[in-house]
Amino acid sequence: MPWDYIIIGGGSAGAVVAARLSENPDARVLLLEAGPRDWHPFYAIPAGFAKMTKGIGSWGWQTVPQRHMGGMQIRFTQARVLGGGSTVNAQIYTRGHPLDYDEWRQSGCTGWAYDDVLPYFRKAEDNDTFDNKWHGKGGPLGVSKPAAPLPICEAYFAAAGQIGIPTNPDLTSETPEGVGYYQLTQRRVRRSSTAKAYLDPARGRANLSIVTGAQVLRIVVEKGRAVGVELAGQGIIRANQEVILSAGAIGSPRLLQLSGIGPADQARQLGIPVVLDQPGVGANFHDHLDLFVIAECTGPHTYDRYAKPHWSAIAGLQYLLTRKGPVASSLFETGGFWWADPNARSPDIQFHLGLGSGIEAGVAAMPQGGVTLNSAFLRPRSRGTVRLASADPLAAPLIDPNYWEDPYDRDMSIAGLKLAQDIMRQDALKPFVLAERLPGPAVQTDADYIAYACAHAKTDHHPAGTCRMGSDAAAVVDPGLRFNGIAGLRVVDASIMPQVVSSNTNAATIMIAEKAADMIKGAA
């Protein structure tokens with residue numbers, strides 16, 4: 001079949017674009033995803049997130065040694081499954097602060113201010129709690145309140161209040177500061193990924209083809225125009241209208257560089273024919289670094305005991321019968337936003353309260369059960385790169401977030417960690433918390449905190465910026481997400497963010513895809 005649009009990557013963005021473009025029966029749409037279908041039951045149940053950072057549905061990559069953090073390497077979960085990050089994440093629905101998007105516009109991204117993007121957030125939503133200026137109903141994406149909160153969540157709110165942080169009933173409103181329950185990308189207590197919400201209803205369309213296990217080797221460019229892709233085992237497949245790259249903030253610059261689109265000196269060193277010298281591809285890489293507090297509990301106040309086989313079986317039965325209990329929890333459904341730097345223009349720290357310990361890969365578990373409070377600095381100044389290790393399309397890329405290159409990031413990260421400790425030490429949590437185990441009372445000096453971070457830090461899984469949008473000559477894509485220098489090619493995913501949003505990135509990525517789909521339809 002001669003395709004009009006070929007979309008590379010069936011994740012949070014690509015699935016949305018494919019579903020929206022195929023609404024036009026005259027548009028022939030091919031969606032290519034390197035990973036498998038989202039068949040595994042862990043992808044559907046909210047608590048399945050606990051398995052995701054431990055290898056299910058992931059490429060299995062890690063960062064290069066971080067030179068400003070003692071050479072530590074961090075496991076970097078990147079989805080390899082239909083639905084992408086929306087299939088493996090903790091289902092937290094946050095959008096960032098309105099000023100994030102206003103700053104995009106001020107940096108030259110016309111059409112991307114908060115007032116411009118809010119309609120696309122609302123268009124995507126089917127919200128079970130709010131229907132107002134900020135939220136919508138009837139969209140494809142299920143957005144729900146938590147189904148299985150625990151009493152320790154309310155104690156956490158009270159503890160935050162004891163140090164002056166208020167409770168906020170809607171952390172996705174125009175004023176997200178405070179603590180509260182996150183809304184979740186769920187519908188009827190099941191994960192609402194873009195594969196479920198957008199692709200499943202579109203599968204019957206004759207003009208849409210979804211191919212999983214599809215390894216794209218390169219984007220094919222002829223006479224300055226993207227005309228198709230080379231697919232492993234099938235050769236070149238052509239697109240009459242556009243090639244749309246939605247492989248994520250790691251995958252998109254990786255494939256561009258494999259295609260000879262990126263820094264020319266690197267391509268020559270690896271023996272890749274240069275198609276376009278674009279140094280911005282793979283640059284401007286940044287991410288939210290996470291530091292956490294883990295406390296041992298006074299009793300079974302969290303879900304840790306359900307890691308044991310017999311308790312796990314009981315929890316599974318409870319979920320099947322009632323849609324309640326541990327399996328109905330995303331495990332990180334409570335948190336909030338506050339300031340580390342009192343002079344920051346909006347909250348610059350995000351909290352995620354984990355209803356257990358050892359939930360994510362590499363994080364310690366408490367033998368008697370525990371609770372975790374993650375803290376992440378939201379607006380890092382440090383910038384890194386995504387580069388190729390070799391010309392082998394199956395080789396892992398060199399992922400370098402360059403954490404803490406700017407000392408301000410280090411100082412704010414540690415300030416956020418201390419704020420998390422302060423919350424956990426308040427009287428309201430004493431009935432639930434026996435003692436802080438990490439960082440623990442032995443960590444006192446600045447050097448102690450730095451050493452702790454360099455041993456225990458992790459990513460919040462929010463990579464962004466590697467195909468930066470802008471109006472300047474160095475930008476990789478323009479505000480229409482068209483690739484500068486190559487016709488017929490767009491990039492649609494979190495890589496286009498000039499600056500990562502001040503929150504989880506999945507909702508913003510879906511918004512980007514909704515807006516891009518309208519722009520692509522308009523161009524056609």
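**Exercise 1. The largest pocket**

Task: In this predicted model, find which helices each supply at least two residues of the lining of the largest pocket, and then describe that lining.

Solution: 
- Step 1. Start with the helices: H2 (49–52) and H10 (309–322) each bring at least two residues to the lining.
- Step 2. H10 gives the most, with four residues.
- Step 3. Sort the lining by class: 19 residues are nonpolar, twelve are polar and five are charged.
- Step 4. Finish with the space itself, which comes to about 790 Å³.

**Exercise 2. The second largest pocket**

Task: Work out how much space lies in the second largest pocket, and which residues are the closest to its centre.

Solution: 
- Step 1. The volume of the second largest pocket is about 210 Å³.
- Step 2. Of the 17 residues lining this pocket, Ile74, Arg75, Ala361, Ala457 and Lys458 are the closest to its centre.
- Step 3. Turn to the secondary structure: helix H12 (446–456) and strand S25 (458–459) each provide at least two lining residues.
- Step 4. By class, the lining splits into seven nonpolar, seven polar and three charged residues.

**Exercise 3. A closed space**

Task: Say how many cavities of 30 Å³ or more the model holds, and describe what lines the second largest cavity.

Solution: 
- Step 1. The count comes to seven cavities of 30 Å³ or more.
- Step 2. Pick out the second largest cavity, with a volume of about 80 Å³.
- Step 3. Find its lining in the structure: His286, Asp287, His288, Leu289, Phe377, Pro380, Ser382, Pro401, Tyr403, Trp404, Asp409 and Ser413.
- Step 4. Group these residues by class, and you get six nonpolar, four polar and two charged.

**Exercise 4. Asn284 and its surroundings**

Task: Decide whether Asn284 is buried or exposed, and find which backbone oxygens its side chain reaches.

Solution: 
- Step 1. Locate Asn284 in the loop between strand S17 (276–277) and strand S18 (289–297).
- Step 2. Check its relative accessible area, which is 17%. Buried means under 20%, so Asn284 is buried.
- Step 3. Follow the side chain of Asn284 to the backbone oxygen of Gly465, at 3.0 Å. The side chain also reaches the backbone oxygen of Pro498, at 3.3 Å.
- Step 4. Widen the view, leaving out residues up to four places away in sequence: Asn284 touches Arg383, Gly384, Ala464, Gly465, Thr466, Arg468, Met497 and Pro498.

**Exercise 5. Helix H13**

Task: Compare the reach of helix H13 with its expected span, and say how many of its residues are buried.

Solution: 
- Step 1. H13 runs over residues 506–523, with 18 residues.
- Step 2. From first C-alpha to last, H13 reaches 26 Å, close to the 26 Å expected at 1.5 Å a residue.
- Step 3. H13 is mostly covered, with 13 of its 18 residues buried.

Note on methods. Residues numbered from 1 in each chain as written. Predicted model: local features only at pLDDT ≥ 70, side-chain atom pairs only at ≥ 80, totals over all residues. Heavy atoms only, no water. Expected span 1.5 Å × (residues − 1). Buried < 20%, exposed > 50% of the residue type's maximum accessible area, 1.4 Å probe, protein only. 1 Å grid on protein atoms, 1.4 Å probe; cavity = no way out; pocket = protein on both sides within 12 Å on 5 of 7 lines; lining within 4 Å. Points joined across faces, edges and corners; volume = space filled by probe spheres on them. Nonpolar A, V, L, I, M, F, W, Y, C, P; charged D, E, K, R; others polar. Polar contact = N/O pair within 3.5 Å; in protein donor to acceptor, adjacent residues only side chain to side chain. Contact = heavy atoms within 4.5 Å.
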